[in-house]
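Here is a short briefing to read with the structure open beside you. Take it one topic at a time, and find each residue as you meet it.

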Amino acid sequence: MVSLVPKSSPYFVSWFLDHHTNKNNKIDHETPSIHQPPLLRLHPAPIQQNKTRNSATMATTSVNHMLHPLLHHPELPSVLKYPKLRSSFRYRHSRVRPASALVATESETITEPKDSADLFACPVCFEPLIRKGPPGFNLPAIYRSGFKCVKCNKSYSSKNMYLDLTLIAGAKEYVEAQPSRTELFRSPLVSFLYERGWRQNFNLTGFPGPDEEFKMAQEYFKPAEGGILVDVSCGSGLFSRKFAKSGTYSKVIALDFSENMLRQTYDFIKADDTILSSNLALVRADVSRLPFPSGSIDAVHAGAALHCWPSPSNAIAEINRVLRSGGVFVGTTFLRLTSSTPAILRPFDRGTAGTYNNLTEEEIEDLVKSCGFTNYTSKVQQAFIMFSAQKP
């Protein structure tokens with residue numbers, strides 16, 4: 001006589017697993033390849049089994065939460081991986097009620113991973129990426145990992161030293177041309193020279209120098225201490241390395257569109273043992289399509305970058321999207337010629353007006369506020385401006 005257990009019963013899962021597995025805890029059917037159902041997005045957690053076989057009660061736990069680790073753990077029954085049976089468990093979260101108790105054949109403890117992979121998101125659909133590789137958030141761990149979108153199934157991999165999270169990552173034939181002000185910094189020569197003379201010339205236009213600029217930025221970033229900082233358009237990682245060394249932030253992400261700038265960043269980091277294993281990652285991405293979930297970042301820095309962006313409004317709106325409420329955005333750039341600009345700087349402004357997207361003080365403030373930021377403030381010295389704003 002067949003015992004019928006209703007699917008609405010909290011004991012259905014335990015009965016279903018026992019019914020479809022043999023005594024050796026193996027599936028009678030051929031085990032198919034692992035596939036992540038689109039509606040089950042919790043990340044797999046390690047399971048610790050006690051030596052004694054005791055019944056365990058797991059209160060107020062949803063069916064989706066309980067089933068998700070079973071989809072991936074190699075030592076548990078693979079019945080949920082079998083296509084014909086897996087479909088029975090594709091419930092929407094809104095339709096699954098928490099079970100008051102769930103009796104398992106063995107005592108199990110499910111632990112959530114401490115280092116969540118939810119930090120990175122697919123630049124196509126902004127859904128979280130599943131990470132497969134060594135644990136930890138540092139250069140060796142990140143570039144040895146593979147990432148896959150839980151929604152569109154697009155895969156992303158590292159280029160030995162940085163993680164490529166651009167829209168065209170993996171494209172074999174298509175090459176996207178950028179404005180000249182962007183392409184200039186993709187040049188191997190400019191990338192090599194950036195910290196070997198190029199950046200030093202900024203002091204002629206009023207830039208106070210990297211050390212002083214870092215101190216100024218840190219003052220603005222005080223509300224974000226202990227959080228996640230993204231250094232967009234990081235160049236050769238001049239400020240990314242300073243932020244990582246400071247120990248002020250839980251994670252630092254050096255992000256740039258230029259492959260050669262990221263290679264230079266890696267070379268500088270590799271030569272400094274103090275930050276090689278720190279919580280720092282190198283990511284190639286478009287500032288107008290940042291690969292992070294909305295409201296997931298605490299601070300964004302953009303040093304000497306705004307004038308190089310193809311669309312400053314798109315970039316700043318995207319920065320607003322990824323910042324959490326209260327998150328801080330700090331940027332520096334060159335100001336465009338105004339009536340108060342010293343005469344000695346006017347030839348420089350005329351020479352760059354056709355190449356770079358230089359703005360006035362008023363235009364920058366208007367742009368930042370129009371993209372949803374508040375508490376705007378700025379400091380100006382000749383053609384240099386540092387501005388800061390917060391997401392409400």
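Y249 counts as buried, because its relative accessibility is 8% and the cut-off for buried is under 20%. This is a predicted model, so treat the values below as computed from that prediction.

**Aromatic pairs**

- How many aromatic pairs does the count come to? The count comes to 18 aromatic pairs.
- In the pair of F221 and Y249, the ring centres are 6.4 Å apart and the planes meet at 90°, so this pair is edge-to-face.
- F221 belongs to the loop between α7 (210-220) and β7 (228-232), while Y249 belongs to the loop between α8 (238-246) and β8 (251-256); the pair links distant parts of the chain, 28 residues apart.
- F329 and F373 make a tilted pair, because their planes are at 40°, with ring centres 5.6 Å apart.
- F329 is in strand β11 (residues 323-334) and F373 is in the loop between α13 (361-370) and β12 (374-381), so this pair ties together parts that are 44 residues apart in sequence.
- Are F329 and F373 buried or exposed? F329 counts as buried at 0% relative accessibility, and F373 is buried too, with a relative accessible area of 3%.
- One aromatic cluster is formed by F185, Y194, W198, F202, F207, F334 and F384.

**Charges over rings**

- K251 has its charged end over the ring of F137, 5.5 Å from the ring's centre.
- R321 has its charged end over the ring of F126, 3.9 Å from the centre.

**The sheet**

- Strands of a sheet pair through backbone hydrogen bonds, and they can run parallel or antiparallel.
- Here, eight strands form an open sheet with mixed pairing, in the order β6-β9-β8-β7-β10-β11-β13-β12.
- Which strands stand at the edges? They are β6 and β12, and each has a single partner strand, so one side of each is left without a neighbour in the sheet.
- β8 and strand β9 (residues 280-284) run parallel and are joined by five bridges.
- To find a bridge on screen, look for V252, whose bridge partner in β9 is L280.

**Helix α8**

- An α-helix has 3.6 residues a turn, so residues three or four places apart point the same way.
- The buried residues in α8 include L238, F239, S240, R241, F243 and A244.
- G247 follows α8 and has a positive phi, near 70°.

**A look at T166**

- Where is T166? T166 has its place in the loop between β6 (163-164) and α5 (180-183).
- T166 is buried, because its relative accessible area is 2%.
- The side chains of T166 and D164 are joined by a polar contact of 2.8 Å.
- Leaving aside neighbours within four places in sequence, T166 is in contact with P123, K154, Y156, F257, R284, A285 and D286.

**The whole chain**

- The chain has 13 helices and 13 strands.
- Of its 392 residues, 49% count as buried.
- Take the contacts between residues at least 6 apart in sequence: 71% of them join residues at least 24 apart.

Technical notes
Residues are numbered from 1 along each chain as its sequence is written. This is a predicted model: local features need pLDDT of at least 70, side-chain atom pairs count only at pLDDT 80 or more; totals for chains, interfaces and linings use all residues. Side-chain values use heavy atoms; hydrogens and water are left out. Rings of Phe, Tyr and Trp (its six-membered ring) pair if their centres lie within 6.5 Å; planes under 30 degrees apart count as stacked, over 60 as edge-to-face and the rest as tilted. Helices (H or I, at least four residues) and strands (E, at least two) are DSSP runs, numbered from the N terminus. Buried means under 20% relative accessible area, exposed over 50%, partly exposed in between (1.4 Å probe, protein chains only). A charge sits over a ring if NZ of Lys or CZ of Arg is within 6 Å of the ring centre and within 35 degrees of the ring normal. Contact means heavy atoms within 4.5 Å. A polar contact is a pair of N or O atoms within 3.5 Å; within protein, one must be able to donate a hydrogen and the other to accept it, and residues adjacent in sequence count only if both atoms are side-chain atoms. Two strands pair if DSSP finds at least two bridges between them.
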